[in-house]
Amino acid sequence: MLDRTYPLEFSKRMSKKVKLLFLSLICAALCLAFSACASDSESEKEEAQDLDDNILGISYTGETKVSYCNIAYMDEDTTRSIYEIFTGEEFSQGYLTLRSQPNERAGMYFYIMISGPDSIPLASTIELSVDKIAEGAKATTYTFTVPETHSLLREIRLGLTGKDWQDPKTKVNAFRIVIKNPGGKVVLDHKSWLWSMPKDSKPNE
C-alpha cells in the first residue's frame, strides 16, 4: 500500500535543511560584514595614527622644507574655479588658502609647497615678509593664522590682497616665509635667494 505520508515527511525534512542552509548563509554574511567593518576600523585608526605622527611642529620631527614657491598676480575672476562657479563655494580640497584681506580676492599670491609633514595644525602662524621692487629695500611682514588643522596635500596659498597689493605691475623683489607652531616655535624659515644675500651685496633696484 502506498505511504501517502512520505512526501509530506520528505518536504518537512527538506524545509528544515533549507532553513538551516539559509541561516548558515546569513551567519556567514554577518561574519564577513563584521570582519570587513573591523578591518576598515583598524585601517582608519592606522591612517589617523599616521596623520597624528606627521603634524608640522607638533609630532613631525623630520626635515621640513619648501619644495617650491611660485609667485603670481591674480585678479578676482582668475581666483574663481569652475567648482566655485557652480557651487558658490571656493574649492579648498588639498589647499590652504589664506588672504591678508579675507574679503578681497585680487592680489599677489605665493604658492608654497611644503615637503615632509602631512598636516599643519590649528593656530600655527605664517609670517610672509615681502620686499617690493617699488619700495626698494623696505620689507613688510604679513601674518596669517591657520584657522583649523589642515592637510598639506598640495599647497599653501598666501594672498596679499586688496589694499596690500593694489598695483598688478608691482613686482616682488625678495621674500621670507616663517612658520611657527601654536607654541611660537619656528618650524620653518625659508628665504628667497635675494633675501639671503648680504645687504651690501644686493643689487640696487
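A: A salt bridge is taken here as a side-chain nitrogen of Lys or Arg within 4 Å of a carboxyl oxygen of Asp or Glu. The model is predicted, so that local features require pLDDT of at least 70 and side-chain atom pairs count only at pLDDT 80 or more, while totals for chains, interfaces and linings use all residues. Residues are numbered from 1 along each chain as its sequence is written, and side-chain values use heavy atoms, with hydrogens and water left out.

Lys180 and Glu127 meet through their side chains in a salt bridge, at 3.2 Å from N to O. This pair links distant parts of the chain, 53 residues apart, with Lys180 in strand E9 and Glu127 in strand E5; helices (H or I, at least four residues) and strands (E, at least two) are DSSP runs, numbered from the N terminus. Burial is classed by relative accessible area: under 20% is buried, over 50% is exposed, and values in between are partly exposed (1.4 Å probe, protein chains only). Lys180 is partly exposed at 23%, and Glu127 is partly exposed at 21%.

The structure holds eight salt bridges. A network of them links Glu76, Arg80, Glu84, Glu90, Arg99 and Arg105. Within this group, Glu76 pairs with Arg80, the closest N and O atoms being 2.7 Å apart. Glu76 has a relative accessible area of 38% and is therefore partly exposed; Arg80, at 33%, is partly exposed. Glu90 and Arg99 also form a salt bridge, at 2.7 Å from N to O. Here Glu90 is partly exposed, with 30% relative accessibility, whereas Arg99 counts as buried because its value is 13%.

Aromatic contacts follow a separate rule: rings of Phe, Tyr and Trp (its six-membered ring) pair if their centres lie within 6.5 Å, and planes under 30 degrees apart count as stacked, over 60 as edge-to-face and the rest as tilted. By this rule there are four aromatic pairs. The rings of Tyr109 and Tyr111 have centres 6.4 Å apart and planes at 35°, so this pair is tilted. Tyr109 is buried, at 2% relative accessible area, and Tyr111 is buried at 15%. Phe110 and Phe175 form an edge-to-face pair, with 5.7 Å from centre to centre and 70° between the planes. That pair links distant parts of the chain, 65 residues apart: Phe110 lies in strand E3 and Phe175 in strand E9. Both Phe110 and Phe175 are buried. One aromatic cluster is formed by Tyr83, Phe91 and Tyr95.

Leu158 is in contact (heavy atoms within 4.5 Å) with Leu98, Met108, Tyr109, Phe110, Ile112, Ile126, Leu128 and Phe144, residues up to four places away in sequence not being counted.
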